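Hi everyone, thanks for making the time. I'd like to walk you through one fold today, going from the whole chain down to a few single residues. Have a look at the screen while I talk.

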Amino acid sequence: MQNAKLLVIDDEPGFGESLADWFTPLGYQVSEATSGAEGVELALAQRPDAIILDILMPGMDGFAVIRALRENDLTRDIPIVVWSVTSEDLSSRLRGLRFGADYILLKSKELHELEEVLRRTLGRRKPASASSPATLSASLSASLPAVSARGLIYDPDEVLVYRDGVRLNVELTPNEASLMHCLWENRNHLTTRDDIAASVYSDVQNREGVSNEAMDRLVGRLRTKIEPDPKSPRYLQTVRGFGYRLAPSGQPFNHEGG
């Protein structure tokens with residue numbers, strides 16, 4: 001993503017400037033907030049493509065920032081990369097994930113990992129050429145089952161979603177992509193919450209720390225990107241009391257029939 005806008009929220013003097021020195025030559029536009037409250041204000045005003053967030057800040061800390069951003073319709077889908085010394089602590093990582101962070105990284109002077117995470121988060125992969133439904137079917141035939149031009153198709157290699165033969169102009173965050181991959185691998189069948197936790201939060205040792213609310217928010221964000229009407233989902237269906245089911249054809253779930 002060319003000219004992607006990054007917002008750095010960190011109270012450490014010179015921290016935002018050092019990140020700007022690194023990322024500006026790579027084509028990013030970097031702005032800085034030195035407090036949590038200022039960060040939320042700038043996020044609402046600028047609508048950045050991604051946020052790099054510290055946790056340990058006086059006043060409004062990083063956890064409160066994540067909560068505020070996820071509760072606002074204007075900022076709920078902005079990817080948040082926590083880059084903090086607290087990320088070494090498992091409980092802090094779990095808390096960040098529960099609040100809605102997309103990545104939790106340990107702050108260091110080495111920026112290559114952060115650069116790679118941002119590249120993946122912002123979908124900085126080779127551009128896909130515009131495909132007609134016929135071209136799409138041919139290019140995916142080796143890895144996907146036979147499908148009609150109608151319905152939902154997911155290309156896990158390119159992290160692309162197609163609906164009724166047309167590529168959706170959406171970018172999935174890493175957690176959304178992991179969820180979509182899990183659902184697609186198990187499409188037309190029940191996917192339990194335990195299945196999702198194991199797939200999306202595979203690096204978290206204690207997956208029971210991931211709340212149902214955090215998982216529901218993740219599902220909700222994915223629905224806003226793949227469903228024609230997220231309030232009445234056709235494809236990503238809830239199986240109450242059990243989990244979810246991805247139905248590429250949009251057919252309703254018959255639990256008695258499996």
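Let me start with a term: a residue is called buried when its relative accessible area is under 20%, exposed when that area is over 50%, and partly exposed in between. Please keep in mind that what you see is a predicted model.

With that term in hand, here is the overview. Of the 258 residues in the protein chain, 46% are buried. The chain has nine helices and eleven strands. As for contacts between residues at least 6 apart in sequence, 59% of them join residues at least 24 apart.

Now to the sheet. In what order do the strands of the open sheet run? The order is β2-β1-β3-β4-β5, five strands in all, and the pairing is parallel. At the edges stand β2, residues 29-33, and β5, residues 103-106; each has a single partner strand, so one side of each is left without a neighbour in the sheet. Going from one strand to the next, the twist averages 20°.

Let's look at two of the pairings. Strand β1, residues 5-9, pairs with β2 in the parallel sense over five bridges. If you want a landmark there, find I9, which stands opposite A33 in β2. Then there is β3 with β4, also in the parallel sense, over three bridges. The landmark for that one is I51, whose bridge partner in β4 is I80.

Helix α1, residues 15-23, lies across β1, β2, β3 (50-53) and β4 (80-84), and runs at about 175° to β2. Helix α5, residues 112-121, packs on the sheet as well, where it touches β1, β3, β4 and β5. The direction of α5 makes about 170° with that of β5.

Is S31 buried or exposed? S31 has a relative accessibility of 19%, and because the cut-off for buried is under 20%, S31 counts as buried. Leaving aside neighbours within four places in sequence, S31 is in contact with L6, L7, V8 and Q46.

Next, the helix pairs. To describe two packed helices, one gives the angle between their axes and the distance between the axes. Take helix α8, residues 193-200, and helix α9, residues 212-226: their axes come within 11 Å and cross at roughly 80°. That makes α8 roughly perpendicular to α9. On the α8 side the contact is made by R193, I196, A197 and V200, and on the α9 side by N212, M215, D216 and L218. Sorted by class, the residues of this contact between α8 and α9 are five nonpolar, one polar and two charged.

On to α8 and helix α7, residues 174-185. Here the axes come within 9 Å and cross at roughly 130°, which makes α7 oblique to α8. The crossing of α7 and α8 is right-handed. From α7, the contact uses N175, S178, L179 and C182; from α8, D195, I196, S199 and V200. The class count for α7 with α8 is four nonpolar, three polar and one charged.

Let's zoom in on S199, which has its place in helix α8. Not counting residues up to four places away in sequence, S199 touches S178 and C182. S199 and S178 are 21 residues apart along the chain, with their C-alpha atoms separated by 6.5 Å. At a relative accessible area of 27%, S199 is partly exposed.

Last stop: F242, in the loop between β10 (236-239) and β11 (243-246). F242 has 44% relative accessibility and counts as partly exposed. Between F242 and D194 there are 9.7 Å in space, C-alpha to C-alpha, and the two are 48 residues apart in sequence.

That's my tour, and I'm happy to go back to any part of it.

Definitions and conventions: Residues numbered from 1 in each chain as written. Predicted model: local features only at pLDDT ≥ 70, side-chain atom pairs only at ≥ 80, totals over all residues. Heavy atoms only, no water. Axes fitted to C-alpha atoms, helices over the stretch in contact; angles between N-to-C directions. Helix = DSSP H or I, 4+ residues; strand = E, 2+ residues; numbered from the N terminus. Parallel < 35°, antiparallel > 145°, perpendicular 65-115°, else oblique. Contact = heavy atoms within 4.5 Å. Nonpolar A, V, L, I, M, F, W, Y, C, P; charged D, E, K, R; others polar. Left-handed = near helix turned anticlockwise from the far one by under 90°. Pairing = 2+ DSSP bridges. Buried < 20%, exposed > 50% of the residue type's maximum accessible area, 1.4 Å probe, protein only.
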